[in-house]
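Please read them beside the structure.

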Amino acid sequence: MASPLSPIHPLPFLSSSSTATTLTRRSLLLSSTLTTTLPTTPLSLPPQLDTNITDRVYLDFSLCPTYFRNATAADSIPLCSDPSPLGRLVLGLYGNLLPLTVSTFKRMCTSSSYKNTLVHKIFPGQFFQAGRQGRSREYGEVRLPPALDLPRNTETVDSKAFLLKHSRPGVVSLCLSENDDDDEVKLDSEYRNVEFLINTGPGPCPQLDNNNIVFGTVLEGLDVVTAIASIPTYKPSERIRQLNDLAEFFGDERAQKGRTLWNRPLKTVYISDCGELQVTKPSMSPTLP
């Protein structure tokens, strides 16, 4: 006859309820201690940027298929005999965020100082530049009338002025790192930087961030921006680039002058008119650039 089964006792090494309880208590004690002793750091929120549109200006662009001549104030002959209009850009400016930069740009438009000046550089798929100043008084360069008396722009040395990014087509920016005004002009004590660029897209231009001041955006006329961006430009051959690099290495001043021709449009595109538009709703805020 078989003997009755004896009860099965757990082996000592498998009976770990007390050990598990001890470890659990220790873990809870340790976690509560760390929670009470470690300092809590509040999350830093990005600064709120006031991109309300305070001012609107317009820039009319045209192509000159024939000879584009320079002129003085006394000349009554048009700079271009048969211009071909490209269209109008309406720009919204962030006057609350950058009052000095916006004020200067607006005065350049209302005084017609940008009128009959060239778009002198086009970088396909990135941006175009306008508003260049030069001592040589070549055709299409900006000339600041002494009576304009523009204030010195201290925002160019303010880190807060560089917070907006060149993140999309239509961003309007004051040229700093991309500025190519004549060196002699920059040495003038009355020099004021009025050169600007506009992102043409299709994507962002992160290489411009933190080096140029975004102060506005295109509200109307992105098709005009696209049309300007499609104009063919001068592209030097690889041999010319190598010779230019060699000349720069030896300190030849002609190297820098030669590079001013690079990315110049092969067609004459210029600002045929400019001015200010009244803002009916100053509180409107477009999408951040």
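1. The model is predicted. Its protein chain has an average pLDDT of 81, and 71% of the residues reach at least 70. Two stretches call for caution. Where pLDDT is low, the predicted coordinates should not be read in detail.

2. The structure has 1 disulfide. The bond runs between cysteine 64 and cysteine 80, with an S to S distance of 2.1 Å. Cysteine 64 belongs to strand β1 (residues 55–64), while cysteine 80 sits in the loop between β1 and β2 (84–93), so the bond ties together parts 16 residues apart in sequence.

3. On the geometry of this bond, the torsion about the S-S bond of cysteine 64 and cysteine 80 is about 100°, so the disulfide is right-handed. Cysteine 64 and cysteine 80 are both buried.

4. Cysteine 109 takes part in no disulfide. The nearest cysteine sulfur belongs to cysteine 274 and lies 5.1 Å away, whereas a disulfide needs the sulfur atoms within 2.5 Å. The relative accessibility of cysteine 109 is 1%, so this residue counts as buried.

5. Cysteine 205 has a relative accessible area of 1%. The cut-off for buried is under 20%, so cysteine 205 is buried.

Conventions: Residues are numbered from 1 along each chain as its sequence is written. This is a predicted model: local features need pLDDT of at least 70, side-chain atom pairs count only at pLDDT 80 or more; totals for chains, interfaces and linings use all residues. Side-chain values use heavy atoms; hydrogens and water are left out. Helices (H or I, at least four residues) and strands (E, at least two) are DSSP runs, numbered from the N terminus. Buried means under 20% relative accessible area, exposed over 50%, partly exposed in between (1.4 Å probe, protein chains only). pLDDT is the predictor's confidence in each residue, from 0 to 100.
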